Amino acid sequence: MRYLIFSDIHGNLEALEAVLEHASRRKVDHYIFLGDLVGYGASPNEVIEKVFSLKRVIMVRGNHDKAVCGLDSIQTFNPIAAEAIKWTRKNVSKKNLRLLSNLPKGPLVPHDHLTICHGAPFDEDYYIFGEFDAVEAFGYFDSQICFFGHTHFPYLYQEKDRTVEGTFIEEFPFEIRLEKEARYLINPGSVGQPRDRNPRASYAIYDSTRRTLKFYRVEYNIKESQKKILAASLPPSLAERLELGI
Ligand code: ZN
């Protein structure tokens with residue numbers, strides 16, 4: 001089975017389309033989305049509809065998805081993120097809002113060997129930043145692999161012989177073979193708002209038969225996404241940051 005692993009689209013339709021197009025040439029049969037369809041970007045409706053139209057897609061909700069539905073307060077968000085949440089609330093259709101509010105809370109275990117969550121397996125809103133967090137997270141799931149998002153950094157943690165080692169993925173494409181004796185926490189990075197100073201859209205393909213994981217970065221029409229953000233009167237910094245990858 002080949003899974004497209006993606007996260008944090010944040011209303012960026014151009015980035016999402018580029019990823020789906022890129023992945024369609026690489027034979028994917030299942031989709032696993034790790035949360036945050038909306039927030040920041042100017043195309044929440046198009047993104048929700050596109051992801052829900054995929055066949056065989058498994059999703060969990062993200063903190064922005066929750067906040068837009070009113071399932072979470074915007075007090076924990078910085079002023080710019082909060083403004084984008086309010087904008088999204090006003091601009092998302094009723095039908096799509098219902099889809100968002102029905103997104104399941106992670107973690108989910110879609111297969112015995114696989115757990116998925118937005119932030120961390122013990123708290124959907126927690127940021128796994130570094131090995132210290134990863135050590136704790138490994139104690140909260142039983143499967144061999146846990147996919148997570150939320151930080152917008154492509155990252156891989158391996159637990160083997162009671163030792164946890166983190167790898168920040170910097171070169172693309174980057175492929176690793178997953179060892180039978182090890183366990184993994186894997187973040188595919190962000191589709192719609194990468195923060196690792198690489199503005200290209202980030203995702204990964206997991207091949208459960210070959211036991212490989214490959215990280216990709218994809219160019220997309222950043223100018224178009226920026227234009228839409230500015231035309232929508234969203235905070236201009238949300239457009240600027242896309243070309244910087246921050
Ligand atoms: Zn996010």
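Trainee: In which order do the six strands of the open sheet stand?

Mentor: Strands of a sheet pair through backbone hydrogen bonds, either parallel or antiparallel. In this predicted model, the six strands form an open sheet with the order 4-5-6-10-7-8 and mixed pairing. Strands are DSSP runs of E with at least two residues, helices are runs of H or I with at least four, and both are numbered from the N terminus. Two strands pair if DSSP finds at least two bridges between them.

Trainee: Which strands stand at the edges?

Mentor: Strand 4 (108–111) and strand 8 (163–168) do; each has a single partner strand, so one side of each lacks a neighbour in the sheet. Strand 4 pairs with strand 5 (residues 114–116) in the antiparallel sense over two bridges. Histidine 111 has leucine 114 in strand 5 as its bridge partner.

Trainee: How is empty space found?

Mentor: Rolling a probe the size of a water molecule over the atoms shows where empty space is left. A cavity is a set of points, on a 1 Å grid over the protein atoms alone, where a 1.4 Å probe fits but cannot get out; lining residues have an atom within 4 Å of a point. Grid points are joined across faces, edges and corners, and a volume is the space filled by probe spheres set on the points.

Trainee: What volume does the largest cavity have?

Mentor: About 80 Å³. Its lining has 16 residues, and the closest to its centre are Gly11, Asn12, Gly41, Ala42 and Ile229. Helix 7 (222–231) is among the elements that give two or more residues to this lining; with three, helix 7 gives the most.

Mentor: Residues are numbered from 1 along each chain as its sequence is written. Local features need pLDDT of at least 70, side-chain atom pairs count only at pLDDT 80 or more, and totals for chains, interfaces and linings use all residues, while side-chain values use heavy atoms, with hydrogens and water left out.

Conventions: On a 1 Å grid over the protein atoms alone, a cavity is a set of points where a 1.4 Å probe fits but cannot get out, and a pocket is an open set with protein on both sides within 12 Å along at least five of seven lines; lining residues have an atom within 4 Å of a point.
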